[in-house]
Amino acid sequence: MKQFKTIFAFEFSGYLKNKVFVGLTVIMVLITAVFLFSPRFSSTGSFNVDDAVVSYAEHIQLASRVDYDLEKLKSSLEVLLEGSEIEIVPCDEAAMKKAVSEGETDYAVIVTSPLSYKYIVNTAGFSDITGYEIDEAFLSVYQPAEFEKEGVSAERISEILSSEVKSEAEIIGNDQSSSFAYTYILMMMLYFAVIMYGQFVAQGVATEKSSRTMELLITSAKPVSLMFGKILGAGAAGFSQLIIILGNAALCYRLNLSYWQDNFLVNSVFGMDLRLIAYTALFFALGFLIYSFMYGALASLASRLEDVSALTMPVSLIMVGAFMLTMFSMLKDVDNVLMKIASFFPLTSPTAMFTRIAMGNVPAWQIALSVAILLISTVLIGYLAAAIYKVGVLMYGKPPKLNELSRALRNNKISSK
Amino acid sequence: MKLSAQELTKSFGEKSVLRGVSFEAESGKALGLLGRNGAGKTTAIRIIMRVFSPDSGRVLLDGAPLDPNRVRIGYLPEERGLYPKRKILPQLIYFGALAGLNKREAEQNARSLLKRLSMEEYADKRLDTLSKGNQQKIQLVATLIADPDIVILDEPFSGLDPVNAMLLKDLIKELIGRNKIVLFSSHQMNYIEEFCDEIAILNTGKIVLSGSIAKIKRSFSRDTLIIESEALPRLKEQIDNLPDGLISSFEETEGRLLIKLTDSENKKELFNALGGSADLIDAFYIKEPSLNEIFVKYTEAAV
């Protein structure tokens, strides 16, 4: 135990002195701080998602081939597209086309009937809503006129048209619209943390082996303490990094609370409930451990640093697969059949079950079962990893094939009895 | 204390590296493990260090199986093994702590050994910023930090300049003087001859020769004499006139006469025959084989 503590402390302090590690943490802290402080300094006062993603034409030309009240359309558009300049021009398609191509106007509309029109634009932007608003304007001219023909009074018309539907929400499961953002963020963090720290562990093991430090270590320390010290050292470093980054984010959010009041997305991220934070910690810890055990064991078989990535590739692929499945399921239905299976399989359950808890409807017994399977598998893989590591770190030459490895494991068991 | 390896065998796959190797090392003495490249020296050392276990055979300390938890062993591996990217003092303390020292002792020992090897100024440097010879000295500090009872040095002199080699020599002599078991392997026979009382020559996985260097040397045929003199031409004349059957050949090399007797028993007769010229002779002695010659003879023949 004393040995384990010594190794753990040495590994942990190694991360704290590692420039890459410290640099990464500082950068993450700065990025979140800059983002969360940005509304204080931006001119609009509040950073609003709607402003950022939606745009419309600044200058519009209107013309008509038929008998049509362009003035009415213009005034309706002026309300809908506030700030845009609307100009009525003579109906000359060639001249309007020229105006658009030369940039004099963004949008040329030629009315062909009260409910149809042709428009000329340079490019059709992805987030451009001009077309949608013009349709609205046409309807707002057409509908009252038609009602009036039928003899309905103007007040009644505006009353009918401005009717609103009211709804009252009672969501039994999770509100996916608010859980999406933070689940997404936590999933990304879980994924990157597991891959990154797993690789740190793998590199560390392989470096010790290839530099023959292992031969010195193994003469005074037990291989099991070496492996667990290394993995938990990395885990502790990772956890402190996450706590620093998330803690800093929470602090910056609190300091700027008033600026974020209207932002649904950001508020939903910081408004997640404590239960979910506890699950995050649990799945982080178990996910990290189970993957790091595998990374450590596989890296112990590499004699050269170059072999590490090839050896650990299968494990990384499983993680990528679990990540992709979860990400795609998040867009549609997190409780689909594949996700249900994945949420019990120990290598995919950290991401899959976590996401189902956050966004879907999972009975409590399923959560308990999934965690139990994951916990037992982590312990079993830990044992297996320690056995492989013990043999692997002293095997030189080409990475062994599976049958050679199992023979070595059996021999080791016999000789250690 | 007495460390003994008994009938060690070890193969890696098809290749058998050790085929029944035995040797002994005692406190206060140094044992030199000699052998050509690939003879099995490092494998034998790794077995003692429990880096891996032998296929058969035992390693005993005073008759009981060697238990690394009860006796401290310092090991200087041939391929150096420290953390290149970490600072020197912290990693020395780490190795000291793993060997069972507390942090304060480890730091004290590390500092005093660094001082001893005139390396104190590097304590806060990263290992990979040092030259090869200096890294070697740091490795030596890591080996000795826990004041081990058994010191195993695999090729300790490789990469050291003469001044550093001298520092290391003094350190090894001190270890022997402090009654430690010192086991070391080297290709450099002059160093072995300087420290080791006992040697074991390994060749293709077997011990081909072992015992005390002095005894081994005496066991070689004592039929070659060397005469040192200022007046070699006159002596040569006399030797030319010696009775037949006394010597088989003689030659002059490096200002000395090398005389091969037909039988080592003839030494006295030769001495008497040259007695009249005793005033011309500075030295008259048996030429013993050098360790180098012994090594080459045993390892070449067995190939």
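**Contacts, cores and salt bridges in a predicted model**

Leu70(A) touches Leu62(A), Ala63(A), Ser64(A), Ile88(A) and Val111(A), not counting residues up to four places away in sequence. The model discussed here is predicted.

Colleague: Is Leu70(A) buried or exposed?

Modeller: Leu70(A) sits in helix α4 (residues 70-80) of chain A. Its relative accessibility is 11%. Buried means under 20%. So Leu70(A) counts as buried.

Colleague: How far apart in space are Leu70(A) and Ala95(A), C-alpha to C-alpha?

Modeller: In sequence, 25 residues separate Leu70(A) and Ala95(A). In space, C-alpha to C-alpha, the two are apart by 18 Å.

Colleague: Which residues of the largest nonpolar core touch the most other members?

Modeller: This core has 158 residues. Its largest share, 15 residues, comes from α8(A). Those that touch the most other members are Leu226(A), Tyr291(A), Phe23(B), Leu92(B), Ile138(B) and Phe195(B).

Colleague: How many residues are in the second, separate core?

Modeller: Leu70(A) belongs to this second core. Other members include Ala57(A), Tyr107(A) and Val109(A). The second core is separate and has 16 residues.

Colleague: What is Leu92(B) in contact with, leaving aside neighbours within four places in sequence?

Modeller: Leu92(B) is one of the buried residues of α2(B). It is also among the residues that touch the most other members of the largest nonpolar core. Its contacts, with those neighbours left aside, are Ala110(B), Leu114(B), Ile138(B), Val141(B), Ala142(B) and Ile145(B).

Colleague: How many residues of helix α2 of chain B are buried?

Modeller: The helix spans residues 88-98 and is mostly covered. Its buried residues include Ile88(B), Tyr94(B), Phe95(B) and Leu98(B).

Colleague: Which elements do the buried residues of α2(B) pack against?

Modeller: The partners come from chain A and chain B. In chain B they are α3 (103-116) and α4. In chain A they are α1 (2-16), α9 (213-220) and α10.

Colleague: Which residue with a positive phi follows α2(B)?

Modeller: The phi in question is near 110 degrees. The residue that follows α2(B) with this value is Gly100(B).

Colleague: Is Thr43(B) buried or exposed?

Modeller: Thr43(B) is found in helix α1 (residues 41-48) of chain B. Beyond four places in sequence, it touches Lys10(B), Phe12(B), Val17(B), Leu18(B) and Phe52(B). Its relative accessibility is 11%, so Thr43(B) counts as buried.

Colleague: How many residues in the lining of the second largest pocket are nonpolar?

Modeller: The pocket holds about 1,200 Å³ of space. It is lined by 41 residues, and Ile185(A), Met189(A), Ile245(A), Leu246(A) and Ala249(A) lie nearest its centre. Elements that give two or more residues to the lining include α8 (176-210) and α10 (223-255) of chain A. The lining has one charged residue and five polar ones, and the nonpolar count is 35.

Colleague: How many salt bridges does the structure hold over all chains?

Modeller: Side chains of opposite charge can pair when their charged atoms come close. Asp335(A) and Arg356(A) form one such bridge. Over all chains, the number of salt bridges is 30.

Colleague: Which residue forms a salt bridge with Asp147(B) at 3.1 Å?

Modeller: Asp147(B) lies in the loop between α4 (132-144) and β7 (150-154) of chain B. It is partly exposed, at 37% relative accessibility. Its partner, in the loop between α5 (162-177) and β8 (181-185), is 33 residues away in sequence, so the pair ties those parts together. At 3.1 Å, that partner is Lys180(B).

Colleague: Which residues are linked with Asp147(B) and Lys180(B) in a network of salt bridges?

Modeller: Lys180(B) is buried, at 7% relative accessibility. The network links it and Asp147(B) with Arg116(B), Glu174(B) and Arg178(B).

How values were computed
Residues numbered from 1 in each chain as written. Chains lettered and ligands numbered in written order. Predicted model: local features only at pLDDT ≥ 70, side-chain atom pairs only at ≥ 80, totals over all residues. Heavy atoms only, no water. Salt bridge = Lys/Arg side-chain N within 4 Å of Asp/Glu carboxyl O. Helix = DSSP H or I, 4+ residues; strand = E, 2+ residues; numbered from the N terminus. Buried < 20%, exposed > 50% of the residue type's maximum accessible area, 1.4 Å probe, protein only. 1 Å grid on protein atoms, 1.4 Å probe; cavity = no way out; pocket = protein on both sides within 12 Å on 5 of 7 lines; lining within 4 Å. Points joined across faces, edges and corners; volume = space filled by probe spheres on them. Nonpolar A, V, L, I, M, F, W, Y, C, P; charged D, E, K, R; others polar. Contact = heavy atoms within 4.5 Å. Core = buried A, V, L, I, M, F, W, Y, C linked by side-chain atoms within 4.5 Å.
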